[in-house]
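Hi there,

Here is the structure I promised to pass on to you. Have a look at it first, and then read my notes below.

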Amino acid sequence: GCGTADPEAEQKEAEDNVVAAEEKKEPEVIKPHQGLNQEPTPIKIERVGENEVNVEMTAQITDIEIAPGEFYKAWTFNGEVPGPLVVVEEGDVINFTLKNMDPAIPHSMDFHAVHTAPSKGFANVEPDETGTFTYPANNPGVFMYHCGTNPTLSHIANGMHGTIIVKPKDGYPTDDLVDREYVLIQNEWYDYNDLEDFTYGEPNYVVFSTKALKDGDRNTNGDTFTLKDEPLLAKVGERVRIYVNNVGPNEVSSFHVVGTVFEDVYIDGNPYNHMKGMQTVQLPASGGAVVEFVVTEVGSYPFVTHQFEHAQMGASGILKVTET
Amino acid sequence: GCGTADPEAEQKEAEDNVVAAEEKKEPEVIKPHQGLNQEPTPIKIERVGENEVNVEMTAQITDIEIAPGEFYKAWTFNGEVPGPLVVVEEGDVINFTLKNMDPAIPHSMDFHAVHTAPSKGFANVEPDETGTFTYPANNPGVFMYHCGTNPTLSHIANGMHGTIIVKPKDGYPTDDLVDREYVLIQNEWYDYNDLEDFTYGEPNYVVFSTKALKDGDRNTNGDTFTLKDEPLLAKVGERVRIYVNNVGPNEVSSFHVVGTVFEDVYIDGNPYNHMKGMQTVQLPASGGAVVEFVVTEVGSYPFVTHQFEHAQMGASGILKVTET
Amino acid sequence: GCGTADPEAEQKEAEDNVVAAEEKKEPEVIKPHQGLNQEPTPIKIERVGENEVNVEMTAQITDIEIAPGEFYKAWTFNGEVPGPLVVVEEGDVINFTLKNMDPAIPHSMDFHAVHTAPSKGFANVEPDETGTFTYPANNPGVFMYHCGTNPTLSHIANGMHGTIIVKPKDGYPTDDLVDREYVLIQNEWYDYNDLEDFTYGEPNYVVFSTKALKDGDRNTNGDTFTLKDEPLLAKVGERVRIYVNNVGPNEVSSFHVVGTVFEDVYIDGNPYNHMKGMQTVQLPASGGAVVEFVVTEVGSYPFVTHQFEHAQMGASGILKVTET
Ligand SMILES: [Cu+2]
Ligand SMILES: [Cu+2]
Ligand SMILES: [Cu+2]
Ligand SMILES: [Cu+2]
Ligand SMILES: [Cu+2]
Ligand SMILES: [Cu+2]
Ligand code: NA
Ligand code: NA
Ligand code: NA
Ligand code: NA
Ligand code: NA
Ligand code: NA
Ligand SMILES: [Zn+2]
Ligand SMILES: [Zn+2]
Ligand SMILES: [Zn+2]
Ligand SMILES: [Zn+2]
Ligand SMILES: [Zn+2]
Ligand SMILES: [Zn+2]
Ligand SMILES: [Zn+2]
Ligand SMILES: [Zn+2]
Ligand SMILES: [Zn+2]
């Protein structure tokens, strides 16, 4: 019968729960990945026409230090988690190449910035194969990318996510005011390759990372310590712009920088979606924003998700402001 | 004393937890609902004046297949979960009739689209009785409705929710661009009639359904499979509009369609709340939106909540795009 | 090895879980706070110049009744949870004094409304000491404040949070329409001083409180019952404005008033961030809003977070509307 609870079944379920606690085996590194730690492969981005850019990325298995001394044999793009930043211009056609160096599992690429039929443009690339795809990026903004191979939650949670910025043709109305800009990405870490924990558990860590907008900028992985130990930097009086993206996989973000107010915010990074004077910006899972704020005094400005259980799990970092 | 932990009480609480795991009885179908499976009753919507519409709905107990082979003896409006779509015009007065065919429990109707004193306009209708109510719908948009009878969480989570669209008098600025439109509703399913799981648990399933905007459109229930097995349809090159509503009861939604970008978004479906170029729209619990996007290639476009644990629990479906 | 699961370690972890359930000791009131219940100290707010205001607050340990008969020995500002409302004008400089009457723990103040280097302007004040700070409030809106002392999650969750309103220099475009205004704050309560429950648990209660905008208005604590037993009041036909703030610490809010629609909404309380016709406003953790709505009939209008598990945990109250 529909929804009928059978008392004996219930009793058995309850006993199973107790037994389960004793017998439960955690997922581990799959056989073909054991001992594998593929050296990070640089991303290749090359402009080949006024409105055409070639992007080549690699799916690979690489150890990532997610907390001091704790490594995660991540499924990655290019050996980084989040993957390397991709920057293109509004109106570009992207010729995308995915090399799959994972010996065991197919992977794929889903750019939130493009228009394509996912069943073709975001198709699987088999182990040791290379796939090529072409699609336009016609909407400006700060977009998530991720592997979309089934089960997608496992591919994202194991590390296959990142950010693509599509620069608006006509810029942002506040471009001239900005002195310095950074990328920040929020992601979660769970029990290793554990679809049950990915689905029903809470994050073990929630973390931030930064990615290089230009030569000399840093690329960090999503971990609990790097952006606390080695802060982002700014000078007193500067207006700082942050391209922020919450790649999840599961949690929304309440992005906040302590000690300041966001003068201007562009939701999902689209210049049309202009908000002002915000203390905190709500980022849905996969959502992005451009936020701008002025740092008026010398000192340390933490950034967090103000869902403080997540800050407690690691999601904070420091912007250090020094004399000009 | 305030907040003082008594070690003996703590020890006992801990033991209780172990015992609880062994003795816990799950809620079951209440006696008067056992064996009851009331045939779906069609909703009646009749325009009776230029700005006046009669709507008649039924509270009833009906089995809903929420996952393949798994039925839930739902508390429903009209034998559907979510209930049938209601569409009225901005400025309409709604004469609403609720027939309560549930033999055991009072039910009620809370339309988020109307102005009324809830203690009167959303009052309980007792078993086997009929209530009539009148209220204006003066705000355009995509609104949730639900039973508001105490405990409201149980009435919503057991199935008594749905969507009412109030069409804007002056339309949306993008009306002329739209080729095709659908309704999508996100809802959660928990353990059967289990207020404890509704409150403290995680969803067993998160699901989408579609409802008929016009004759010939489909009405599906919120389940894990229908919109995967029998996709929504569009033609290549079309602009698709979706009226989307997250009826919860508990979770927010990060609504996203893979392979495209929302060109235009109207938060809560109000033309004034216009956003552009969004990858994902954040829907609070009960929140709605109108989203529009173009599908540029033949193939399959999944829609999800990008809170991927929920997609993994069922919250995805397919929009299939074919040649014109 | 990275992410490698050791079966014996797993077996041990599983056994530990069972043992843990039997042995777990809950945190209790720390020694120096036992028996302490400091009388609420009134906040002092004094305008000392056209654009300068002195604000003096107190960190103190005070019992708060969070549910009928259940007291929490809270870490508070001024003996209230949330702390007292602070209202200043856009462009004010705030001279802020924090007296720390807590005999044991340093505390601090982080106003989301101001610009300062947190490492200085939000610095710790040691037990029995007094700190003074000066910073400008140049952005209008509805902002959270909270203690930022490490671990911040514990200081917020134990009670050290509240709301500061910065009144916009040029007002809101709808100022002339408003008949009555209130402040509502949403916060969560967890197991007593339990950083583990703060981080990994679910709230025991989610609650609303109201704070005085002018003399004669009420100041209530965040509890499950007061705003149900003694409702907010309005007259039929009035437009009611609510300054609403979600101080968390962890959960986002889907703020909704039953029986009406928000005619005008200002996200984070900034007049620029104008939305219309919303059923529900999404508040990130720490986020604020100004919402305005008309109550058209005599009766009771509940307000809730429409994340109904939280309403079930306490987050509802009543606005009672009577004849003019
Ligand atoms: Cu993958
Ligand atoms: Cu995605
Ligand atoms: Cu009901
Ligand atoms: Cu509702
Ligand atoms: Cu404190
Ligand atoms: Cu804060
Ligand atoms: Na989860
Ligand atoms: Na976990
Ligand atoms: Na829950
Ligand atoms: Na459940
Ligand atoms: Na939690
Ligand atoms: Na708890
Ligand atoms: Zn696990
Ligand atoms: Zn969570
Ligand atoms: Zn802050
Ligand atoms: Zn249950
Ligand atoms: Zn959840
Ligand atoms: Zn996608
Ligand atoms: Zn506890
Ligand atoms: Zn929660
Ligand atoms: Zn409602």
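For the metal sites, a donor is an N, O or S atom within 2.8 Å of the metal. Please keep in mind that this is a predicted model.

With that in hand, the zinc ion (ligand 18) and the copper ion (ligand 2) are 2.3 Å apart, and A:His112 coordinates both. The zinc ion (ligand 18) has A:Asp110 (OD), A:His112 (NE2) and B:His256 (NE2) as its protein donors, at 2.4 to 2.5 Å. Because A:Asp110 belongs to strand E6 (residues 110-111) of chain A and B:His256 to strand E14 (residues 253-257) of chain B, the pair joins two chains. A:Asp110 is buried, at 4% relative accessible area, and B:His256 is buried too, at 0%.

I also looked at where chain B meets chain C. Chain B brings 49 residues to the contact and chain C brings 43 residues. About 3800 Å² is buried between the two, with carbon and sulfur atoms giving 55% of that area. How many salt bridges cross the interface of chain B and chain C? The rule finds zero, while 22 residue pairs are in polar contact between these chains.

On the side of chain B that touches chain C, the elements supplying at least two residues each include helix H3 (152-157), helix H4 (195-200) and strand E8 (141-146). H1(B) gives the most, with five residues. By residue type, this side of chain B has 25 nonpolar, 19 polar and five charged residues.

Methods
Residues numbered from 1 in each chain as written. Chains lettered and ligands numbered in written order. Predicted model: local features only at pLDDT ≥ 70, side-chain atom pairs only at ≥ 80, totals over all residues. Heavy atoms only, no water. Contact = heavy atoms within 4.5 Å. Buried area = accessible area lost by both parts, 1.4 Å probe. Salt bridge = Lys/Arg side-chain N within 4 Å of Asp/Glu carboxyl O. Polar contact = N/O pair within 3.5 Å; in protein donor to acceptor, adjacent residues only side chain to side chain. Helix = DSSP H or I, 4+ residues; strand = E, 2+ residues; numbered from the N terminus. Nonpolar A, V, L, I, M, F, W, Y, C, P; charged D, E, K, R; others polar. Donors = N, O, S within 2.8 Å, 3.2 Å for Na, K, Ca; no water. Buried < 20%, exposed > 50% of the residue type's maximum accessible area, 1.4 Å probe, protein only.
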